[in-house]
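Me: I have this one open for the first time, could you walk me through it?
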Amino acid sequence: PTARQIVHKITSLGHTKLRESFHVGSGFPWASTKFLPDNTGEPVVRIRNIKPSHIDPAELTSILPAYANSIGFPKAKRGDIVVGMDGIKYFYASLLEGACYVNQRVTHLSPNQETNVSPEYAVFIINSRVGQAQLMRDMTVATTVGHITNRDVAKLVLPTISQKFHDTITSLVRQSIDAKEESKRLLAQAKARVEQLIEEAVAK
């Protein structure tokens, strides 16, 4: 009922379907034996990496480069979106901040050239009550884990209230991501400086 009310409200105003602005695809079933214990290979987005925010490929686990190249499966690009297809309560979306491969059971969204819906706006809507209610409505359950499909993601209804609203949300999401990345950069600098000071003190 909640999803029905939300969709009814959205469709009575300006709206669009996700598939009208994004190409909807899937990841590849990479062999588990080819994954590395660190990020020294080719980064891969897995379901466990998807949070309601963004993903820095440098922080992902990876697979053997030679294996990845032999498969020939294309990488997702910076600005693309990934959505987890398995979950218990949520089906989050993350914005990619760099190129990487996508694992199976992850929906891969890449913006169409003619779209006027930004990836930042789409991620915000998918992760909001508006998007999650629609995905939870379409969820099927096997044992204790829920599942959705690419088709469920593709038919998501996105509100298009106004260009000003769209641009405001896009800007706020981008500012949030940039602020988090700047915070990480400053923290890394501070850590390196502290380590340097300790080494200098020990050397005296």
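Me: Are W30 and Y101 buried or exposed?
Reply: Both W30 and Y101 are buried, where buried means under 20% relative accessible area, exposed over 50% and partly exposed in between, with a 1.4 Å probe and protein chains only. This is a predicted model, in which local features need pLDDT of at least 70 and side-chain atom pairs count only at pLDDT 80 or more, while totals for chains, interfaces and linings use all residues. Residues are numbered from 1 along each chain as its sequence is written, and side-chain values use heavy atoms, with hydrogens and water left out.

Me: How do the rings of W30 and Y101 sit, and why is the pair edge-to-face?
Reply: Their centres are 5.0 Å apart and their planes stand at 65°, so the pair is edge-to-face; rings of Phe, Tyr and Trp (its six-membered ring) pair if their centres lie within 6.5 Å, and planes under 30 degrees apart count as stacked, over 60 as edge-to-face and the rest as tilted.

Me: Which aromatic cluster are they in?
Reply: W30 and Y101 belong to one aromatic cluster with F28, Y67 and F73.

Me: And what about Y90 and Y92?
Reply: The ring centres of Y90 and Y92 are 5.2 Å apart with the planes at 10°, so this pair is stacked. Y90 is partly exposed, at a relative accessible area of 46%, and Y92 also counts as partly exposed, at 27%.

Me: Switching topic, how many aromatic pairs are there in the whole structure?
Reply: A search of the whole structure finds seven aromatic pairs.
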